Amino acid sequence: VYSSEDFFNTTFWLFVLGGIVISLILFIFTNIIFNFLMSSVAVEARTNGIQIFLIFLFTIPMNAAMSIITAYLQANFNFIFPAVVQIVFNAIIIISLMLFSDFLKIFVLPVSFLLGALFSVLLLYMYVKSKIKMMSLNVLLVRHHFFELNALFILILIEGFSLSYSLADRFFIGNVPQGGIAALNYAFVIFML
């Protein structure tokens, strides 16, 4: 019998491992990606873009963990805690932006996002840590039939396409005035709050 907690654990670890794999693949192909997206941009802007990209890569496994834990809590009719965590996430971003803007300059947004994601995933993990069990890769793969892995791959592909909007936006970075993307991101965080 495959219980809902077994499904949660299997899905949680597959998404976290999938997030780590995606981060590693993107890390390996960082230069190729930036050669394609930012070939006509000045070297300093390109270097900053790569550093910001690398910071955001750390958030992929954390966002995968947050999404699965949030879905699990909502499936169990716990809508309040994930919403509170999202508010805390946004508040950490805004507070970090106000406190560290002068110190971190252009890196304030990715660092703030990383801090918010780290704190949020820790809050969610602490809330469900009694439900999460360590699993070996072999157990993960045996528990899921080919169809379930195929569906998981399709979900990851869909999420990847939704992230491609951000990459497409960065394609036009050379045409955006300095600080324009940060202003749009600030506006988005305020909108989410």
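This note describes the fold, the nonpolar cores, the helix packing and some individual residues of a predicted model.

1. Basis of the description. Because the model is predicted, local features need pLDDT of at least 70 and side-chain atom pairs count only at pLDDT 80 or more, while totals for chains, interfaces and linings use all residues. Residues are numbered from 1 along each chain as its sequence is written, and side-chain values use heavy atoms, with hydrogens and water left out.

2. Overall fold. The protein chain has nine helices and zero strands; helices (H or I, at least four residues) and strands (E, at least two) are DSSP runs, numbered from the N terminus. The order of elements from the N terminus is α-α-α-α-α-α-α-α-α. Of the 193 residues in the protein chain, 34% are buried. Here buried means under 20% relative accessible area, exposed over 50%, and partly exposed in between, with a 1.4 Å probe and protein chains only. Among contacts (heavy atoms within 4.5 Å) between residues at least 6 apart in sequence, 78% join residues at least 24 apart.

3. The largest nonpolar core. This core comprises 27 residues, and those with the most contacts inside it are Phe8, Phe12, Ile69, Val128 and Ile132. A nonpolar core is a set of buried Ala, Val, Leu, Ile, Met, Phe, Trp, Tyr and Cys residues joined through side-chain atoms within 4.5 Å. At least two residues of this core come from each of α1, α4, α5 and α6, and α4 supplies the largest share, eight residues. When neighbours within four places in sequence are left aside, Phe12 is in contact with Ala65, Ile68, Ile69 and Ile132. Another core, of nine residues, lies apart from the largest one and includes Ile33, Phe34, Phe53 and Leu57.

4. Helix α2. In α2 (residues 30-37), the residues Thr30, Ile33, Phe34 and Leu37 are buried. Seen down the axis of α2, these buried residues fall within an arc of 90°, so they line one face of the helix; the arc is that of the directions from the helix axis to the C-beta atoms. The exposed residues Asn31, Ile32 and Phe36 are on the face of α2 turned away from its buried side.

5. Packing of α3 and α6. Helix α3 (residues 43-57) packs with α6 at an angle of about 5°, with their axes 9 Å apart. Axes are lines fitted to C-alpha atoms, for helices over the stretch in contact, and angles run from 0 to 180 degrees between N-to-C directions. That angle makes α3 roughly parallel to α6; angles under 35 degrees count as roughly parallel, over 145 as roughly antiparallel, 65 to 115 as roughly perpendicular and the rest as oblique. Ile52, Ile55 and Phe56 of α3 make the contact with Pro110, Val111, Phe113 and Leu114 of α6.

6. Residues with positive phi. Most residues other than glycine have a negative phi. Phe77, although not a glycine, has a positive phi of about 60°. Phe77 lies in the loop between α4 (59-75) and α5 (80-104) and is exposed, with a relative accessible area of 69%. Lys105, also not a glycine, has a positive phi of about 55°. Lys105 is placed in the loop between α5 and α6 (108-128) and is exposed, with a relative accessible area of 57%.

7. Ser4. This residue is found in helix α1 (residues 4-28) and counts as exposed at 54% relative accessibility. The C-alpha atoms of Ser4 and Ala75 are separated by 10.0 Å, although the two residues are 71 residues apart along the chain.
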